[in-house]
Amino acid sequence: MCEHLGTVVSTIEGPSPSKISFVVNNGKVHKGMFVEIDYSEGVMMLLVEDVVKTNRYFERPDSVKVIGEELEKNFPCADWEFLVANAKPLGVFFNGVIQRATFPPSPGAKVFCADNKRIKKFLSVQEDGLNLGRLQFHDVELKLNLSKLLQKHLSVIATSGAGKSYCVSVLLEELLSRKKEQGQIGVVVFDTHGEYTCFGDPLVNNGELSGLVDFSSRTKVIDGSKIKIALSKVSVHMISSMVELTPNQKRALGRILNKLREEMRSGSGPFDLIDVKNEVNNIDNEKTQSSLFGIVSDLEELNIFGKIDEPSIIDFVKPGKLVVIDLNLIISEKKKQVLVAYLSDKLFKERRGFGKKIPPFALFVEEAHNFIPEGTASEHAVARSYLRTIAREGRKFGASLVVISQRPKRLDTTTLANCNTNLILRVTNPYDLDHIAQSCEGLDRASINSISSLRVGEALIVGEAVGAPTFFKVRKRTSQPSRHETTLEESAKEFVAREEQLNDDVNTFL
Ligand SMILES: Nc1ncnc2c1ncn2[C@@H]1O[C@H](COP(=O)(O)OP(=O)(O)O)[C@@H](O)[C@H]1O
Ligand SMILES: [Mg+2]
């Protein structure tokens, strides 16, 4: 047993199997700490939900006001200050097995700081698990089991700037650092802001001086704006999310695509928009013809369709390797949607198919509320149904989803409900907090209330991956930070320095 912290007291509500208060008579007790009590049923593990200070001398506002400073001079006030901690029993260890708490310890029972070994057991910490950081108040690294964390999907939720991408980078590092015998999965990231492309950059001097790790040999960065997808594999539904089609146009375009697909099957090879244009040429109805020409030229402008997939993303999905699809340079929102839709569908189908051409994988979606929005009409959220399918069925096939968002309120409820583990950093918006409370099972009021006061890099993890809602500090990253991470001050100084340099150059020239 560790440090003796306090003694269980009798209150109106406890001690009970669901609530226990203790007076602190030694050391410091913080909200979020794990403590334990050894009693007749075994060793009870508890989480401190709140700490309250009381002092009898200061209970009555009238006497505090009237007596004022004399109070502390004439009475032993300091001796009467108490710290009372309210703790929630999480379970009872008996013969090495964790059971539900069904019987309370007695008032007067001693409370100790929880033993690290028992905390690890309780949280299912695994020595060779994914190391996300360190528990607050305990010398325990939060190393979590890969399957428990990812198999039933993970959501990473926080206000902008609270550390989502940093934390996700740490998770990526862990996934890329796994050894073959631990089980390696393929990792694909839809990188909306180009924050993960730095994984693909080799480090100067191999990072020896900076202590950073070089992940470039394990990373393939693909510029999303250059990706071509095979027109033959795109549905009219997907096309109608990019350009508006009347039912007539939909039918006409569908007929053309079907015809070209049939010809392809009988040996004439894959086709692209030029072939579609030739087919439109043959349409008799002038009105339909001219409107379809307009549509084809709109589609050409998006510059996304080709005869085949180029590059073929799935060729890069390998165990222990990372594929970053950089969507940062794509301006068209529709193009991003179609890329995410098409590639998610393709990844899942390749995994689900008989051949299982790709290894089990985790698909990370940044700014997930844009791709899996709640309530938006389906023609404007073409990626949603494909990502939802992975959320619903992925776990059976080794296809995991990690959704990252700063607006959980705008995130599809079905998808969020299918994320069995939630990693939450600071969230301040009350609507988002309410939404989190409703969609994250096992999250109590006390934890919800703490979310808004978390600092950058502090996180709460709840769900399948851990035995109880757990606060932790995200570990330091070992990959080089994103190039996008300059502050406003830095950008401003950089701009002026460049202008000055330019002026100098001009003056020298003159
Ligand atoms: N755990 C952490 N330790 C140190 N710095 C952090 C940590 N998490 C975030 N930061 C810093 O905070 C800033 C915002 O983090 P970021 O991950 O980009 O937030 P988000 O993706 O939620 O908008 C970055 O400058 C980042 O370096
Ligand atoms: Mg981010």
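1. Strand β1 (residues 4–9) and strand β2 pair in the antiparallel sense over four bridges, where two strands are taken to pair if DSSP finds at least two bridges between them. Within this pairing, the bridge partner of valine 9 is serine 21 of β2. Strand β2 also pairs with strand β5 (residues 81–94), again in the antiparallel sense and over five bridges, and there phenylalanine 22 has alanine 85 of β5 as its bridge partner. Strands here are DSSP runs of E with at least two residues, helices are runs of H or I with at least four residues, and both are numbered from the N terminus.

2. This is a predicted model, in which local features need pLDDT of at least 70 and side-chain atom pairs count only at pLDDT 80 or more, whereas totals for chains, interfaces and linings use all residues. Residues are numbered from 1 along each chain as its sequence is written, chains are lettered from A and ligands numbered from 1 in the order in which they are written, and side-chain values use heavy atoms, with hydrogens and water left out.

3. Strand β2 (residues 20–24) is largely enclosed by the rest of the structure, because five of its five residues are buried, that is, under 20% relative accessible area, with exposed meaning over 50% and partly exposed in between (1.4 Å probe, protein chains only). Ile20, Phe22 and Val24 point one way from β2, while Ser21 and Val23 point the other way, and all are buried.

4. Around ligand 1 there are 13 residues, of which Gly161, Gly163, Lys164, Ser165 and Tyr166 come nearest; a residue is near a molecule if one of its heavy atoms lies within 4 Å of it. By class, this shell divides into four nonpolar, six polar and three charged residues, and its largest share, three residues, comes from helix α5 (residues 164–176).

5. Oxygen atoms of ligand 1 lie 2.6 Å from a backbone N or O atom of glycine 161, 3.1 Å from a polar backbone atom of glycine 163 and 2.8 Å from a polar backbone atom of lysine 164. Taken alone, ligand 1 exposes 560 Å², and the protein buries 72% of that.

6. Two buried polar side chains deserve a look. Threonine 192, in the loop between β11 (186–191) and β12 (219–223), counts as buried at 7% relative accessibility, and a polar atom of its side chain lies 3.3 Å from the backbone oxygen of glutamate 366. Glutamine 337, placed in helix α10 (residues 333–352), is buried with a relative accessible area of 7%, and a polar atom of its side chain lies 2.8 Å from the backbone oxygen of asparagine 370.

7. A search of the whole structure finds zero disulfides, a disulfide being a pair of cysteine sulfur atoms within 2.5 Å. Cysteine 198 is in no disulfide, and the nearest cysteine sulfur, that of cysteine 167, is 15 Å away. Cysteine 198 is buried, with a relative accessible area of 4%.

8. Strand β19 (residues 458–463) is largely enclosed by the rest of the structure, since five of its six residues are buried. Four bridges join β19 to strand β18 (residues 421–424), the two running antiparallel, and threonine 421 stands opposite glycine 463 in β19. With strand β20 (residues 470–474), β19 pairs in the antiparallel sense over four bridges; isoleucine 461 stands opposite threonine 470 in β20, and a hairpin joins β19 to β20 through six residues.

How values were computed: Polar contact = N/O pair within 3.5 Å; in protein donor to acceptor, adjacent residues only side chain to side chain. Areas by Shrake-Rupley, 256 points an atom, 1.4 Å probe, with all protein chains shown as cover. Nonpolar A, V, L, I, M, F, W, Y, C, P; charged D, E, K, R; others polar.
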